[in-house]
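Please look at the sequence and the 3D structure below. The paragraphs after them go through the two chains step by step.

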Amino acid sequence: MSFFQMTKTVLKNLFSRPATLMYPVKPAKKTDATRGHVKIDPTKCITCRICQRKCPTQAICVDVKEKTWEIDQMRCVVCAVCVDTCPTKSLTMDNQYRPAMTTRGGLEKFTVAGPKKKEPVVADAAKPAKE
Amino acid sequence: MSKQITVPFGPQHPVLPEPLHLDLVLEDEKVVDVIPTIGYVHRGLEKLVEKREFTEYVFIAERICGICSFIHSQTYVQGIEQIMGLEVPERAQYLRTIWSEYSRLHSHLLWLGLFADSMGFESVFMNAWRLREHILDDLEATTGGRVIQGVCKVGGVRRDISPEKLDEMVRGLKGMEHELQDLSKVFLHDNSIQHRLRGIGVLSKEDAYQLGAVGPSARGSGVAIDIRETGYAAFGKINFKPVVEYEGDCYARCAVRVKEMFTSIDIIEQCAKKIPDGPVDMKVTGAPDGEYFSRAEQPRGEVIHYIKGNGKKNLVRHRVRTPTFTNIPPLVTLLKGCDLADVPVIVLTIDPCIGCAER
């Protein structure tokens with residue numbers, strides 16, 4: 001009896017799809033809610049520094065004078081507090097996980113628009129500057 | 001009398017996912033004494049409470065443990081809410097109950113897998129983790145994180161679950177129940193597993209109570225203590241009975257966990273039926289002033305968060321007593337008199353989570 005049960009299981013496993021996902025050949029499973037990594041739209045940021053204050057790991061550093069917004073992706077724990085508290089919705093949560101890092105760093109620096117009254121900065125500054 | 005020798009067990013050991021060190025004093029093959037040592041993964045998370053605002057600290061409280069993460073944040077948040085006298089919306093309470101039962105399911109499945117692996121039953125290990133994956137998928141779809149949900153906040157929860165998704169989750173669990181039955185059959189009725197577990201590592205009811213065993217370790221010995229019965233979150237409105245076994249051996253502790261999975265599914269179903277409409281969070285102003293002992297039932301047992309605030313944004317003191325920490329004295333008693341070959345199985349039956357115990 002148990003022998004036939006075993007045969008049933010073996011056959012089922014032989015002809016069914018694998019339970020594991022062939023990552024990284026196939027992309028990882030993700031949902032709309034998945035917290036992958038933080039993204040910024042530099043044109044909307046007003047350097048209010050709320051995200052910097054709220055960040056539990058102090059991964060975000062905002063320089064008001066230089067008008068830069070900096071995130072250390074290796075410190076970031078992807079809790080999405082900055083995204084929730086951002087008054088201008090310049091921060092968003094991408095549902096893609098960041099790929100593994102092969103070098104030291106993870107610092108991403110953006111030049112942002114700053115407070116509204118001033119002129120918006122040109123878009124080419126939006127590229128991340130590696131440090 | 002034969003010569004005594006000391007055999008170190010851990011901190012790195014194939015059956016231990018986390019660093020617990022035991023010095024086993026042996027006489028021939030019998031363990032006569034055990035000296036436990038912890039302190040390999042201390043991170044000082046409790047001290048951080050002085051440096052972070054109490055609302056941000058939820059995320060740090062959650063990271064005390066990687067398995068019972070949701071319940072840690074829930075317990076912390078409940079403590080803060082009690083100090084501040086906040087009435088959390090009912091829907092948020094129900095959602096917290098659902099997620100905490102989900103994390104109990106995923107923790108028990110993880111443990112069953114590891115436990116089977118410790119006995120050399122690797123196909124069951126894979127099967128348990130395959131089922132756990134469905135639970136994690138649901139958690140990720142509803143909260144955004146697989147193991148670190150990050151969905152609790154002071155005054156409610158950060159996300160809502162739509163009624164359709166809730167239906168789908170309950171249907172998924174119903175579909176899984178049959179597979180879980182198959183899995184539990186292996187743990188409860190398989191001959192070789194019974195041979196390995198029955199009568200081994202017996203903890204009497206008196207010992208369990210005196211030494212402060214909590215969770216499945218206590219309930220396996222007939223001590224029917226389940227903090228969920230105090231009715232925190234929405235547990236007060238749910239019908240359920242704590243699972244209790246009376247033998248006190250490894251089999252009983254395993255059986256408690258296996259049966260608790262079905263209780264969890266039942267609780268989630270009841271929640272999905274009873275959950276009211278309404279808001280999921282509320283506005284929080286001010287800061288906690290006072291102290292509170294917050295308790296909750298984790299998959300491993302009772303967890304206590306002591307929180308003290310002085311009316312400022314940063315708390316003064318936060319102290320966590322985790323279930324594994326209190327389960328170490330019973331573990332020492334359990335191990336005395338057992339065979340060396342049974343040590344890995346007995347250690348795993350208390351479900352040690354050292355990351356929790358040391359914080």
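How many residues of chain B are in contact with residues of chain A? In this predicted model, the contact involves 13 residues of chain B and 12 residues of chain A. On the side of chain B that touches chain A, two elements give two or more residues each: helix 1 (57-62) and helix 4 (122-143) of chain B. Helix 4 of chain B gives the most, with 6 residues. Sorted by class, this side of chain B has 3 nonpolar, 5 polar and 5 charged residues.

Next comes chain B as a whole. Chain B contains 12 helices and 8 strands. The C-alpha trace of chain B spans about 70 × 45 × 30 Å along its principal axes. A compact globule of 359 residues would have a radius of gyration near 21 Å, and because chain B has 20 Å, its value agrees with that of such a globule. Of the 359 residues of chain B, 51% count as buried. Contacts can also be sorted by how far apart the partners are in sequence. Among the contacts in chain B with a separation of 6 or more, 70% are between residues 24 or more positions apart.

Two helices of chain B show how packing is described. In general, two packed helices are described by the angle between their axes and the distance between the axes. Helix 2 (residues 69-84) of chain B packs against helix 3 (residues 90-118) of chain B at an angle of about 145 degrees, and their axes are 8 Å apart. Helix 2 of chain B contributes B:F70, B:I71 and B:Q74 to the contact, while helix 3 of chain B contributes B:R96, B:W99, B:S100 and B:S103. By class, this contact has 3 nonpolar, 3 polar and 1 charged residues.

The backbone of chain B has two residues to look at in turn. Most residues other than glycine have a negative phi. B:D28, however, has a positive phi, near 55 degrees. B:D28 lies in the loop between strand 2 (21-27) and strand 3 (30-37) of chain B. Is B:D28 buried or exposed? B:D28 counts as exposed because it has 11 C-beta neighbours inside 10 Å, and a residue with 12 or fewer falls in that class. B:A233 also has a positive phi, near 45 degrees. B:A233 is in the loop between helix 8 (216-219) and helix 9 (250-274) of chain B. B:A233 has 24 C-beta neighbours inside 10 Å, so it counts as buried.

An open sheet in chain A has 3 strands in the order 2-3-5, with antiparallel pairing. Its edge strands, strand 2 (60-63) and strand 5 (107-111) of chain A, each pair on one side only. On average, neighbouring strands of this sheet are turned by 15 degrees against each other, direction ignored. Strand 3 (residues 68-72) of chain A is joined to strand 5 of chain A by 5 bridges, and the two run antiparallel. A:E70 stands opposite A:K109, which is in strand 5 of chain A.

A:I50 belongs to helix 2 (residues 50-54) of chain A. A:I50 is partly exposed because 18 other C-beta atoms lie within 10 Å. Which residues does A:I50 touch, not counting those up to four places away in sequence? They are A:T85, A:C86 and A:P87. The C-alpha atoms of A:I50 and A:L107 are separated by 19 Å, and these residues are 57 residues apart along the chain.

Terms used. Residues numbered from 1 in each chain as written. Chains lettered and ligands numbered in written order. Predicted model: local features only at pLDDT ≥ 70, side-chain atom pairs only at ≥ 80, totals over all residues. Contact = placed C-beta atoms within 7 Å. Helix = DSSP H or I, 4+ residues; strand = E, 2+ residues; numbered from the N terminus. Nonpolar A, V, L, I, M, F, W, Y, C, P; charged D, E, K, R; others polar. Axes fitted to C-alpha atoms, helices over the stretch in contact; angles between N-to-C directions. Rg over C-alpha atoms; globule rule 2.2 N^0.38 Å. Buried ≥ 20, exposed ≤ 12 C-beta atoms within 10 Å, placed from the backbone. Pairing = 2+ DSSP bridges.
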